[in-house]
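Here are my notes on the model. Please read them with the structure open beside you.

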Amino acid sequence: MFADVVIEHYEEGDVIWCHDYHLMFLPKCLKDYNSQMKVGWFLHTPFPSSEIHRTLPSRSELLRAVLCADLVGFHTYDYARHFVSACARILGLEGTPEGVEDQGRLTRVAAFPIGIDSERFTRALEVPTVQEHIRELKERFAGRVVMLGVDRLDMIKGIPQKILAFEKFLEESPEWRDKVVLLQIAVPTRTDVAEYQKLTSQVHEIVGRVNGRFGTLTAVPIHHLDRSLDFAALCAIYAITDVALVTSLRDGMNLVSYEFVACQDSKKGVLILSEFAGAAQSLGAGAILINPWNITEVAAAIGQALNMPAEEREKRHHHNFEHVTTHTAQKWAEVFVSELNDTVIEAQQRIRKVPPQLLAGDAIRRYLESDNRLLILGFNAALTEPSDIPERRGRDQIKEMELKLHPELKQPLTMLCSDPKTTVLILSGSDRNVLDDNFWEHDLWLAAEHGMFLRSTKGDWMTTMPENLNMDWVDSVKHVFEYFTERTPRSHFEERQTSLVWNYKYSDVEFGRLQARDMLQHLWTGPISNSSVDVVQGSRSVEVRAVGVTKGAAIDRIIGEVVHSKDISSPIDYVLCIGHFLEKDEDIYTFFEPELPPDSMGGLRSKSTDSTSRHGSEKRPTPKLQTVGRSNSSRRSSGGSSSGSGRRSTQEETAWSVLDLKTENYFSCAVARTRTRARYLLNSSEDVVSFIKEIAAAGASPSNSSY
């Protein structure tokens, strides 16, 4: 309903600002209609912790809908932190200091404390009607200190706790019984709801008891009003109040405290404020903060306020008054809209750096026009079935840990592998057994552990590892991984022949990150301080591998072996490389580039980033392999013996090029990684499945001129 009205009146360039929990789904509806809309969402109530939000049946849908907004705002940093934590724990997304990142798209999350129109209240104090009210109230309560509470009659406002604390104060301070009066204005709300009726009865009962205990024939300590006041009367009461008492049990902001401060420039009264109100973040320095559940503490705060020296009262009031008069509602709105516009501009700049989506039609047309094709496919998160859905991560950990080929890919892969013009290579960081279990029935090539082990499904495993690969660090790193696995519930580590991987994606998100950070410190100061290793940090994993173990470093040796074994006589003129590779392994994308583009990722990063090398920087492999090179040392079989037979002569090897690749015939594509060196993007493994099915069908179709 709201979306229909907005869409009806929307014009290009308009800013749409959605407010409160009632409209949590509205940002998604609007973005689905027009992704270019500027949409902001602001919550005026506290956002619950992730432990509470996760109990909602529609927990994921609500978060996803809000994340469609460009800017998400809250009154306080605590509420913003709860939202980011919920997105991380429930959706498995990455929380950053700027907000929440999902596949490269950043939803900005920030705190924007609301204010009031303070000038409206200060001007009202000069109106004759208000002045008359002030004179009447001063006469009515002459000789008594006035305390004030203004609240909706609601469970979260803590009215019973306030009155009980006032009762305890009167019990412990009999000298104040005839000198202080509490004016409690309780504005009725939801009077037809049984719980609110019960609350009303409870408040009336407590008020009656306190007035009965401490009242006299001429005066009572509590004046309770079950109704609202007009603006003039409210300003007058604010002006004559000595102590304002706000005891909210949970409150988004509570602007009553702001209104009280705005009307106190002459009186300079004291504000007692619940720490559970959002206003405590803004006015906490000048107010007396209390826990409303602690009746003794609130009673003591009342005594402190009533006995506070004038000098201290003035200092506290000056601090609060300065904040209230500068952080107005108008300023709040201007800041939010300005931040929203800036966020949209920054998002557009980020999008310009993101590679475009892979155009299946163009890739397939080039595929059909080529004579010798090489398809390099990653496995994990590219060809696997989508069991590891962030919203359901960890429900069945054992099943999710088993990497399985997507069932819809078996037939398309068979069709691709049967084409004599096509060579299919599965290039993965997984160990050999995983690849064997998933691809044993297909006629293709398997490269395990980032290309360090290679075989065709009709042959035996051989190694492409350099002879001088140093693995002396393995045992000491393994001890560190075992230590942290024992102390991080639901984490595990995998021991491979060329690397060790510690994975914590099923652990508590925040605890896992803390443990990973601690692990890195242990590694750098101990086992690998003098070792030639790379530490590759993924989104939920830490991998330690020998220097030089990357997919890009292995691909030249792999191509040489494939070309020799298949006895290929014509150069490769089409390459398709698809995968969800870590940044360290994205050198495979640049390997086939005729010219290396500027490194948008900023080169090798520091220790805290995705990948860090020890002892020297990594060299980019040669963009083109000019000869069919094959040394016995780089192609040792898994048993250690040479697998070479029938080698080409050196003259024959140098007479032709393995690659004859035009730039328009190279398609590198990252899966669900927008910060990438690849040319193109696919959003998920489901998109990969669709594309593989389409290209396989096109290659098998006798009539493919439409491409």
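**Notes on the model**

1. Start with a pair of residues. In strand E21, the bridge partner of Asp534 is Arg545. Strands E20 (residues 533-537) and E21 (residues 541-546) pair in the antiparallel sense over 5 bridges. Two strands count as paired if DSSP finds at least two bridges between them. E20 and E21 form a hairpin, with 3 residues between them.

2. A word on the basis. This is a predicted model, in which local features need pLDDT of at least 70, side-chain atom pairs count only at pLDDT 80 or more, and totals for chains, interfaces and linings use all residues. Residues are numbered from 1 along each chain as its sequence is written, and side-chain values use heavy atoms, with hydrogens and water left out. Helices (H or I, at least four residues) and strands (E, at least two) are DSSP runs, numbered from the N terminus.

3. Back to E20. Of its 5 residues, 5 are buried, so E20 is largely enclosed by the rest of the structure. Buried means under 20% relative accessible area, exposed over 50%, and partly exposed in between (1.4 Å probe, protein chains only). Both faces of E20 are covered. Val533, Val535 and Gln537 are buried on one side, Asp534 and Val536 on the other.

4. The whole chain. The protein chain has 25 helices and 25 strands. It has 707 residues, and 51% of them count as buried. Among contacts with a separation of 6 or more, 72% are between residues 24 or more positions apart. Contact means heavy atoms within 4.5 Å.

5. The eight-stranded sheet. An open sheet of 8 strands runs in the order E17-E16-E15-E14-E13-E22-E24-E25, with mixed pairing. Its edge strands are E17 (462-463) and E25 (680-682), each pairing on one side only. Within the sheet, E13 (residues 373-377) and E14 (residues 422-427) pair in the parallel sense over 5 bridges. Leu375 stands opposite Val424 in E14. Helix H22 (residues 551-566) lies across E13, E14, E15 (445-448), E16 (453-456) and E17, and runs at about 145° to E14. Axes are lines fitted to C-alpha atoms, for helices over the stretch in contact, and angles run from 0 to 180 degrees between N-to-C directions.

6. Is Thr423 buried or exposed? Thr423 sits in strand E14. Thr423 is buried, with a relative accessible area of 6%. Leaving aside neighbours within four places in sequence, Thr423 is in contact with Arg373, Leu374, Leu375, Trp445, Val562, Lys566 and Ile568.

7. Helices H1 and H2. H1 (residues 2-9) and H2 (residues 26-33) pack at an angle of about 40°, with their axes 10 Å apart. That makes H1 oblique to H2. Angles under 35 degrees count as roughly parallel, over 145 as roughly antiparallel, 65 to 115 as roughly perpendicular and the rest as oblique. The crossing of H1 and H2 is right-handed. A crossing is left-handed if the near helix is turned anticlockwise from the far one by less than a right angle, and right-handed if clockwise. Phe2, Ala3, Val6 and Ile7 of H1 meet Leu26, Cys29, Leu30 and Tyr33 of H2 in the contact. By class, these are 8 nonpolar, no polar and no charged residues. Ala, Val, Leu, Ile, Met, Phe, Trp, Tyr, Cys and Pro count as nonpolar, Asp, Glu, Lys and Arg as charged, and the others, Gly among them, as polar.

8. Helices H8 and H9. H8 (residues 159-172) and H9 (residues 194-214) pack at about 10°, with their axes 10 Å apart. H8 and H9 are therefore roughly parallel to each other. Their crossing is left-handed.

9. Two positive phi values deserve a look. Most residues other than glycine have a negative phi. Asp20 has a positive phi of about 75° although it is not a glycine. Asp20 lies in the loop between strand E1 (15-19) and H2, and is buried, with a relative accessible area of 15%. Ala381 also has a positive phi, near 70°. Ala381 lies in the loop between E13 and helix H17 (397-401), and is partly exposed at 28% relative accessible area.
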